[in-house]
Amino acid sequence: MNAQLTPALSHDELDAFWMPFTANRQFKAQPRMLARAQGMHYWTDDGREVLDGVAGLWCVNAGHARREITEAVTKQLGTMEFAPTFQMGHPIAFELANRLADLAPPGMDRIFFTNSGSESVDTALKIAIAYHRARGAGQRTRLIGREKGYHGVGFGGMSVGGMVNNRKTFGASMVPGVDHLPHTLDIEHNAFTRGLPQWGAHLANELERLIALHDASTIAAVIVEPISGSAGVILPPVGYLKRLREICDKHEIVLIFDEVITGFGRVGKPFASLAFDVTPDLMTTAKGLTNGSIPMGAVFAQRKIYDAFMQGPENSIELFHGYTYSAHPVACAAALATLDIYAKEGLLTRAASLAGEWENAVHSMRGLPHVIDVRNCGLIGAVELEPRAGKPGARAFEVFLKCFERGVMVRQTGDVIAMSPPLIIESKQIAKLVETLTSVIRDTA
Ligand code: PXG
């Protein structure tokens, strides 16, 4: 018998919390309640152990309930729980910025703090537009995103994003002057590719077509995820990101990489831009920055971007943007403790050493019923299932539910099952994750 960890809630008590990105009625009819976490596992409220195959929500990279983070947060709360960073400062904010600059791709050593991925994205879009204005190109306001892109849920991020369900309700309220590149998912050419697909780099040339349509002089920035997570793990074809970089350079367009999920070790280097050897002008992060423990995000900027703002009277504010909780002391303490763990345990490169084993494990699911693609990179894996006729997403949702019942948490989006475990995962846990998913797929019609 499992021990009940927390009192079960009655159905009435589930009504008040309007849950995000959730089928509220389905959940409240059959709640899946998490009550405790440690290392690679969650425990449900009735004491059942669940292997975490998604690092919470792509964020708990060092595993759950790390003592060092708890201690740093507790100490900071007792020392100074809050301090403003508007016209004031506190030392660990600067310490954290320096630590992040040391990890960053070359030249990206100016850091703007936010509280989430969505805020990082909207911050980066605003910095890009303001940067052009600061250098005398204020007509450059257009933004280019990509189909199937996910950049959070702020108006800016939603507008450059390309996930139809996130957009359609808000049709006319989108930020104006946005266009989209085509996405790079092509199962016909690339199904079951191990690592990055060879086919598709030419899709980056679509950027030249959009530039010809709108004229470079109107375009501020291009934003893409190096690897799309939310849309179901879409990998960049070999050479694609380099080509985007070349085109942006040629036309003086700011290139933004949204590394909210790829940042902090997910693909075997601290950032995907380092793994893929393509340096953007701005980089958005969040999630793994504090191991998911305290909300925090950070935008990394090339020094030339920051320097463009540092003009005019010395007493004037250079960028009219920021959040009450930018560089919140408790979040800074959590981030510093997290970076210490990453460094001490080599976690920012651990995915590279596990990548071969991980790749073999996830590709062992090729050939299972309804599996139409398997994708992987670093410690990211995805299995795409054939949709049931007229019921998109239903098969994968059933797989997600059954995995949870059998003690494994994966993530479902559309007909894709995504996996992104904590970077501390061991071989036997990789095996359990894949064995459970395999048996569930076999048992799902
Ligand atoms: N950009 C990217 C690339 C993201 O993946 C955000 C921005 C927004 O971050 P915030 O912190 O505002 O949620 C994200 C978030 C999933 C999933 O399983 C992914 C995210 C969030 C929730 C679920 O696909 N990514």
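Trainee: What should I know before I start?
Mentor: This is a predicted model, where local features need pLDDT of at least 70, side-chain atom pairs count only at pLDDT 80 or more, and totals for chains, interfaces and linings use all residues. Residues are numbered from 1 along each chain as its sequence is written, and side-chain values use heavy atoms, with hydrogens and water left out.

Trainee: How many helices and strands does the protein chain have?
Mentor: It has 16 helices and 15 strands. Helices (H or I, at least four residues) and strands (E, at least two) are DSSP runs, numbered from the N terminus.

Trainee: What about overall size?
Mentor: The C-alpha atoms fill a box of roughly 70 × 55 × 45 Å along the principal axes. The radius of gyration of the protein chain is 22 Å, which agrees with the value near 22 Å for a compact globule of 445 residues. That radius is taken over C-alpha atoms, and the globule rule is 2.2 Å times the number of residues to the power 0.38.

Trainee: What share of the residues is buried?
Mentor: Buried residues make up 55% of the 445. Buried means under 20% relative accessible area, exposed over 50%, partly exposed in between (1.4 Å probe, protein chains only).

Trainee: And the contacts?
Mentor: Take those with a separation of 6 or more: 73% of them join residues 24 or more positions apart. Contact means heavy atoms within 4.5 Å.

Trainee: Let's zoom in. Why does the length of helix 13 make sense?
Mentor: Helix 13 covers residues 329–344, and at 1.5 Å a residue its 16 residues should span 22 Å; the end C-alpha atoms are 22 Å apart, so the two agree. The expected span is 1.5 Å times one less than the number of residues.

Trainee: Is helix 13 mostly covered or mostly open?
Mentor: Mostly covered: 13 of its 16 residues are buried. Just after the helix, Gly346 takes a positive phi of about 60°.

Trainee: Which residues of helix 16 are buried?
Mentor: Among them are Gln429, Ile430, Leu433, Val434 and Leu437.

Trainee: New topic. Where is Leu143?
Mentor: In strand 5, residues 142–146. Leu143 counts as buried at 4% relative accessibility. Beyond its neighbours within four places in sequence, its contacts include Leu125, Ile129, Val160 and Ala220.

Trainee: Last one. What does Asn24 touch?
Mentor: Leaving aside neighbours within four places in sequence, Asn24 is in contact with Phe17, Trp18 and Met19. Asn24 belongs to helix 1, residues 24–29, and is buried at 17% relative accessible area.
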